[in-house]
Amino acid sequence: MTSILVTGISGFAGSHFARHVLANTDWNIVGTMSLDHHGQYRRVESASKGFDPSRVTVVPVDLSKALSSAHRAALGHPDYIVHYASDSDV
């Protein structure tokens, strides 16, 4: 199964992109979010409404800091990466 990592999935642009992916592909999404910035988890819930919830995994992580081994494992090995995270200095 194809998977895509969407950084900033809980932001305005990231959540809309996630909805587009869910509606137009059969891909699984792993999304990063940091509520220290402008993200809101309700955007992820809204974007994934009506789709199989197992297709979306959200990993809370601050991308401006080093990733722990647990975070790396949760992110897996995506086929694609799309970067929407703001204020992450990545």
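Analyst: With 90 residues, a compact globule would have a radius of gyration near 12 Å, and the protein chain agrees because its own value is 12 Å (taken over C-alpha atoms, the globule rule being 2.2 Å times the number of residues to the power 0.38). This is a predicted model, in which local features need pLDDT of at least 70 and side-chain atom pairs count only at pLDDT 80 or more, while totals for chains, interfaces and linings use all residues. Residues are numbered from 1 along each chain as its sequence is written, and side-chain values use heavy atoms, with hydrogens and water left out.

User: What does the protein chain average in pLDDT?

Analyst: The average is 91, and 91% of the residues score at least 70, where pLDDT is the predictor's confidence in each residue, from 0 to 100. Among the elements, α2 has the lowest mean, 92, and strand β1 (residues 3–7) has the highest, 97.

User: Which pattern does the chain follow along the sequence?

Analyst: The order is β-α-β-α-β-α-β, with three helices and four strands in the protein chain (DSSP runs numbered from the N terminus, helices being H or I of at least four residues and strands E of at least two).

User: Ok, changing topic, how many cavities of 30 Å³ or more are there?

Analyst: The count comes to one, and about 40 Å³ of space lies in the largest cavity. A cavity here is a set of points, on a 1 Å grid over the protein atoms alone, where a 1.4 Å probe fits but cannot get out, and lining residues have an atom within 4 Å of a point. Grid points are joined across faces, edges and corners, and a volume is the space filled by probe spheres set on the points.

User: And what lines the largest cavity?

Analyst: The lining consists of Ile-9, Ser-15, Ala-18, Leu-22, Ile-29, Val-44, Ala-47, Ser-48 and Val-56. The elements giving two or more residues to that lining are α1 and α2 (41–48). By type, the lining residues divide into seven nonpolar, two polar and no charged.

User: Is Ser-15 buried or exposed?

Analyst: Ser-15, which lies in helix α1 (residues 12–24), is buried, because its relative accessible area is 5% (buried means under 20%, with a 1.4 Å probe and protein chains only).

User: What does Ser-15 touch?

Analyst: Not counting residues up to four places away in sequence, Ser-15 touches Gly-8, Ile-9, Arg-43 and Ala-47, a contact meaning heavy atoms within 4.5 Å.

Methods
Buried means under 20% relative accessible area, exposed over 50%, partly exposed in between (1.4 Å probe, protein chains only). On a 1 Å grid over the protein atoms alone, a cavity is a set of points where a 1.4 Å probe fits but cannot get out, and a pocket is an open set with protein on both sides within 12 Å along at least five of seven lines; lining residues have an atom within 4 Å of a point. Ala, Val, Leu, Ile, Met, Phe, Trp, Tyr, Cys and Pro count as nonpolar, Asp, Glu, Lys and Arg as charged, and the others, Gly among them, as polar.
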